[in-house]
Each structure stands twice: as structure tokens, then as C-alpha cells.
Amino acid sequence: MEGRRSCAAVQQSRPAHIRLDKLELAINDLSQALKNNPKDAHAYDNLGDIWYTRRDYDKAVVEYNNAIRVDPTFIGAYYNRGRTFEAMGNLRSAHADYQAVLDMPGQDRAIDRWAKGKARDALNRLNKVQLN
């Protein structure tokens, strides 16, 4: 496996690639990581984030779906898919994903608490929009 980057190395490099606007490199690294480990929900989620950043929402949804398929308890992927649906104007699906985040038990990890807080804020925002 010489020359192949571990998934952990890819995960660590992903934020740097995005900060440095090297999205193609991040896409390539994550795609390679998924060839090595197609059950890496975080790699799918990170790819979704890249497509979201590029405003390619259909591709982002596909990757978030993949993350959820691999790990149905991945709270962050539900939140990310919800914000993507919201950006697409699909408020019903966004609402369903945000509500799913709040309904999931979570593991008292910082990322779960963050996603639940963001989902709560998003639901409040959507409820206000629907009332107007």
C-alpha cells in the first residue's frame, strides 16, 4: 500500500485543501480513500461538503445519502443534507432532516451537540418562513 494515503491522513488534509482552495485535490484524495474503504461515512460527508461549497447541490445530496447509507446514525450527515435541501428550496425535506437530527439520540460528542444546535436554529428559521 505504499504511496496510498490513509483515510485518517485524507481526513486531516481535507480542511487544509478547502482552506487553500484546492478542492480538486481534496476530491481526488477523498475518492481514493473511498476506493480503499467504501464504508467511510466521513469521507462521503466531506465530499458532500465540497459539492455544497461549489453549490453543486445534487452531487452534495448524493454524497450525504451515501454517508447516511453507510452510517445511519451519522447526525452530521443528516444536518448537512438538510442544509443542502434548504439551499435547493426543498424546505419539506430540509425540515425532515433537521427534525431527524433532533430526534436522534446522539453520543454526547461535541459534533453531535453542534449539529443538534444548528438543526434547532434551522427549524426555527424554517418555521418563521412558513408562517410568513
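**Helix packing around α3**

The crossing of α3 and α4 is left-handed. In this predicted model, the two helices span residues 41-53 (α3) and residues 57-70 (α4). Their axes lie 8 Å apart. The packing angle is about 165°. Angles over 145 degrees count as roughly antiparallel, and α3 and α4 are therefore roughly antiparallel to each other. From α3, the contact draws on A41, Y44, D45, L47, G48, D49, W51 and Y52. From α4, the contributors are Y57, K59, A60, E63, Y64, N66, A67, R69 and V70. By class, the residues of this contact comprise 10 nonpolar, two polar and five charged.

Helix α3 also packs against α2. Helix α2 covers residues 23-36. The axes of α2 and α3 come within 10 Å. They cross at roughly 155°. This pair, too, is therefore roughly antiparallel. The crossing of α2 and α3 is left-handed. On the α2 side, the contact is made by L23, A26, I27, L30, S31 and L34. On the α3 side, it is made by A43, Y44, N46, L47, I50, W51 and T53. These residues divide into 10 nonpolar and three polar, with no charged residue.

The loop between α3 and α4 holds R55. Its phi is near 65°. That value is positive, in a residue other than glycine. The relative accessibility of R55 is 63%. Residues over 50% count as exposed, so R55 falls in the exposed class.

The chain has seven helices and zero strands. Read from the N terminus, the order of elements is α-α-α-α-α-α-α. The accessible surface comes to about 7,700 Å². Carbon and sulfur atoms account for 50% of that surface. Contacts were also sorted by separation in sequence. Among those between residues at least 6 apart, 49% join residues at least 24 apart.

Terms used:
Residues numbered from 1 in each chain as written. Predicted model: local features only at pLDDT ≥ 70, side-chain atom pairs only at ≥ 80, totals over all residues. Heavy atoms only, no water. Axes fitted to C-alpha atoms, helices over the stretch in contact; angles between N-to-C directions. Helix = DSSP H or I, 4+ residues; strand = E, 2+ residues; numbered from the N terminus. Parallel < 35°, antiparallel > 145°, perpendicular 65-115°, else oblique. Left-handed = near helix turned anticlockwise from the far one by under 90°. Contact = heavy atoms within 4.5 Å. Nonpolar A, V, L, I, M, F, W, Y, C, P; charged D, E, K, R; others polar. Areas by Shrake-Rupley, 256 points an atom, 1.4 Å probe, with all protein chains shown as cover. Buried < 20%, exposed > 50% of the residue type's maximum accessible area, 1.4 Å probe, protein only.
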